[in-house]
Structures are given as structure tokens and as C-alpha cells.
Amino acid sequence: MKKKIFYTLFFIIFVLQFEVLSQNKQNKYYKPIRFSIDGGAKIPLESTPEFNYNFGAGANFGIVYTLNQTASLEASLKSGFSILYNSSNNNSVNMIPITLGIDFYLYDKDFSPYFGIRPGINFLDNTMEPSVSGEIGISYKKMKLYGAYNYMQAGNMIEFGIGYFFRQRPCGCFPHTE
């Protein structure tokens with residue numbers, strides 16, 4: 001029984017690796033790794049004694065890896081720097097987010113809507129806050145517009161912004177080499 005489970009798991013892992021690593025090798029234009037930078041505004045939705053801020057702004061830098069041949073599923077690792085402000089107390093706090101995300105693109109075209117989820121950690125001055133973000137957006141070639149809802153125990157935020165990819169999202173629509 002244990003051997004059957006072991007062989008089944010081994011087979012599943014082997015097939016998944018083959019799918020990810022084989023990618024789209026016959027396509028000379030296909031490069032699964034790309035870098036991104038994005039920036040935007042953050043609007044806290046609630047105010048607590050520990051999290052009393054009105055608005056914020058920040059930028060992120062990330063690495064994105066395309067997981068499948070049709071370029072519809074991507075994994076990303078992002079980190080950045082944000083500042084949250086409180087206009088009434090005239091104070092601010094630095095926030096360093098680190099997230100690991102999965103995005104699903106609806107079309108394998110230049111223009112494509114997408115949605116994703118990003119669990120992560122936000123470092124707010126001397127505290128560490130786990131977070132989960134849900135993001136929706138549209139991408140066109142090397143650009144993207146997005147909106148996100150960021151859930152943290154200290155306080156929730158809405159984020160929106162614009163991003164740039166240093167390489168266009170790979171797609172299966174390029175001509176194949178022979």
C-alpha cells in the first residue's frame with residue numbers, strides 16, 4: 001500500500017515537473033522569467049489605535065515566472081517599500097511588504113484581464129503583520145493596471161496602481177520554430 005502511494009506521488013510530481021520544465025521549448029520567443037515594477041496608492045479602510053492611517057503610497061519590485069505553456073498561470077515574488085500617512089496626527093509609518101503570488105490570465109493575448117491571490121508579510125516599523133491580498137487587473141503588453149484588497153489583522157486596505165514588466169508576458173501566439 002505504501003509503495004502504491006509512493007509511486008503515485010512520484011508519478012504526479014514527475015508529470016508536473018515535466019509540464020513546468022518543458023514549457024514551450026519549440027518557441028524561440030518564449031522566456032518564462034521576467035521582472036516587474038509597480039507603484040500605487042493604498043487606502044486604509046478602518047482605523048484602530050494600532051493602525052490609524054488615512055492614505056499611503058509605495059512601489060514594489062518583483063520577479064515573475066510563467067508556470068504553463070499557454071502563459072495563463074504565473075507565480076511572483078514581490079517586495080517593496082510603502083509609506084502610510086495620518087494627516088490629522090501628522091505622522092507616518094514605513095511598510096515593507098513581501099508577497100508570494102499566483103495570477104491567472106483569462107486570455108493568451110496582448111490584452112488580458114487577470115486575477116490573483118497574494119499571501120505575504122508586511123513589516124510595519126517594528127512589527128510583522130501577515131496579510132492576504134486579492135488582486136484584479138488588466139494587462140496590455142508590458143503594462144498593467146490593478147486594484148487589490150489587502151487583509152491584515154491590524155487593518156485592511158484597498159490598493160490600486162500601475163505596473164510595468166521589463167519583458168512582455170510570454171504567449172503561445174508567437175510563430176513556432178521548426
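Two strands count as paired if DSSP finds at least two bridges between them. Helices (H or I, at least four residues) and strands (E, at least two) are DSSP runs, numbered from the N terminus. With that in hand, welcome to this predicted model, where local features need pLDDT of at least 70, side-chain atom pairs count only at pLDDT 80 or more, and totals for chains, interfaces and linings use all residues. Residues are numbered from 1 along each chain as its sequence is written, and side-chain values use heavy atoms, leaving out hydrogens and water.

**Overall build**
- The protein chain holds 1 helix and 8 strands, and from the N terminus the order is α-β-β-β-β-β-β-β-β.

**The barrel**
- The 8 strands close into a barrel in the order β1-β2-β3-β4-β5-β6-β7-β8, with antiparallel pairing.
- Neighbouring strands of this sheet are turned by 25 degrees against each other on average, direction ignored (axes are lines fitted to C-alpha atoms).

**Strand pairs to look at**
- Strand β2 (residues 55–66) pairs with strand β1 (residues 33–44) in the antiparallel sense over 10 bridges; here Ile-37 stands opposite Phe-61 in β2.
- Strand β2 is also joined to strand β3 (residues 73–86) by 12 bridges, again antiparallel, and Val-64 has Ser-76 in β3 as its bridge partner.
- Further along, strands β7 (residues 143–152) and β8 (residues 157–165) run antiparallel and share 8 bridges; Met-143 has Tyr-164 in β8 as its bridge partner.

Terms used
Axes are lines fitted to C-alpha atoms, for helices over the stretch in contact, and angles run from 0 to 180 degrees between N-to-C directions.
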